[in-house]
Amino acid sequence: FDCKLLFNAHVSAIKNKSLAVFGMIKRNCSDFRDPLALKCLYTSLVRSLLEYAPLIWDHNNVGHTDQLEKVQNKALRFICHKCNIQRTPHSGYDNILKLLNLQSLKVRRHLSYNTFLTKLLNNEIDDSFLLSQLNFKVKNHYTRNNHLFYIPHSSKNYMSYDPINILMSLGNTKLFLKKNIECIIMYYYYVRYVYVISNWQNFL
């Protein structure tokens, strides 16, 4: 447990463990020439380690992101070398990612948060406690602010590391609102109903 919520030791540990597993793949699969087979080995044995429970430890720290992306980039270079895929030295990895139908780890983490929040709101994840921690923003008058959730202000950065705040920040993005509009409307009216019932005397 990291009392400062930095998770430096944790990120280093999963990086080292992933590199160890990748080293095992390199030693035992040196004769492989099929990019799909190597991709399957990487995604199932290495990437799964890099992506375990990121909502807890991922804080958009540039150093952490670079450490983990270097592991994937190393795997991409290995696949290119074994399968004779041309890549300009010291160039980016976007073309290789597209060729192998892969995404950067950062993009995949954000997609996983989106999926988690969507399932939580749709009751596919049955966790009433987590759902109760989401601060739905109920407006009593019209404003141009269309945020779905209210995120309490804090003078300390550590509050932005809170997984609930990360989820609510994601829920306030236009992309999430667009993809989950029906579910959001349902929850908005439900929360509005609860608000009116609990404050009915103020409306008399």
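The largest nonpolar core in this predicted model comprises 26 residues, of which Val 46, Leu 50, Leu 68 and Leu 76 have the most contacts inside it. A nonpolar core is here a set of buried Ala, Val, Leu, Ile, Met, Phe, Trp, Tyr and Cys residues joined through side-chain atoms within 4.5 Å. Buried denotes under 20% relative accessible area, exposed over 50%, and partly exposed the range in between, with a 1.4 Å probe and protein chains only. Two or more residues of this core come from each of α1 (8-28), α2 (35-50), α4 (62-82) and α5 (94-99). The greatest contribution, 7 residues, is that of α4. A second, separate core has 14 residues, among them Leu 117, Leu 120, Leu 121 and Ile 166.

This is a predicted model, in which local features need pLDDT of at least 70 and side-chain atom pairs count only at pLDDT 80 or more, while totals for chains, interfaces and linings use all residues. Residues are numbered from 1 along each chain as its sequence is written, and side-chain values use heavy atoms, with hydrogens and water left out.

The chain contains 10 helices and 0 strands; helices (H or I, at least four residues) and strands (E, at least two) are DSSP runs numbered from the N terminus. Of its 204 residues, 33% count as buried. Contact means heavy atoms within 4.5 Å. Among contacts in the chain with a separation of 6 or more, 65% join residues 24 or more positions apart.

**Helix packing**

Axes are lines fitted to C-alpha atoms, for helices over the stretch in contact, and angles run from 0 to 180 degrees between N-to-C directions. Two helix pairs are tabulated below.

| Helix pair | Angle | Axis distance |
|---|---|---|
| α1 and α4 | roughly 5° | within 9 Å |
| α6 and α8 | about 90° | 10 Å |

The helices α1 and α4 are therefore roughly parallel to each other. Angles under 35 degrees count as roughly parallel, over 145 as roughly antiparallel, 65 to 115 as roughly perpendicular and the rest as oblique. In the contact of α1 with α4, the α1 residues include Val 11, Leu 19 and Phe 22, and those of α4 include Leu 68, Val 71 and Phe 78. The residues of this contact of α1 with α4 comprise 8 nonpolar, 5 polar and 3 charged. Ala, Val, Leu, Ile, Met, Phe, Trp, Tyr, Cys and Pro count as nonpolar, Asp, Glu, Lys and Arg as charged, and the others, Gly among them, as polar.

The angle of about 90° between α6 (residues 105-121) and α8 makes these helices roughly perpendicular. His 110, Tyr 113, Asn 114, Phe 116 and Leu 117 of α6 meet Ile 166, Leu 167, Leu 170 and Gly 171 of α8. The contact of α6 with α8 has 6 nonpolar, 3 polar and no charged residues.

Helix α8 (residues 163-171) is largely enclosed by the rest of the structure, because 7 of its 9 residues are buried. At the start of α8, a side-chain oxygen of Asp 162 comes to within 2.9 Å of the backbone nitrogen of Ile 164.

**Individual residues**

Gln 72 is located in helix α4 and is buried, at 0% relative accessible area. Leaving out residues up to four places away in sequence, Gln 72 touches Tyr 42, Arg 47, Leu 97, Gln 103, Ser 104 and Leu 105. The C-alpha atoms of Gln 72 and Ser 104 are 8.2 Å apart, although 32 residues separate the two along the chain.

Ser 30 is placed in the loop between α1 and α2 and counts as partly exposed, at 29% relative accessibility.

Definitions and conventions
A polar contact is a pair of N or O atoms within 3.5 Å; within protein, one must be able to donate a hydrogen and the other to accept it, and residues adjacent in sequence count only if both atoms are side-chain atoms.
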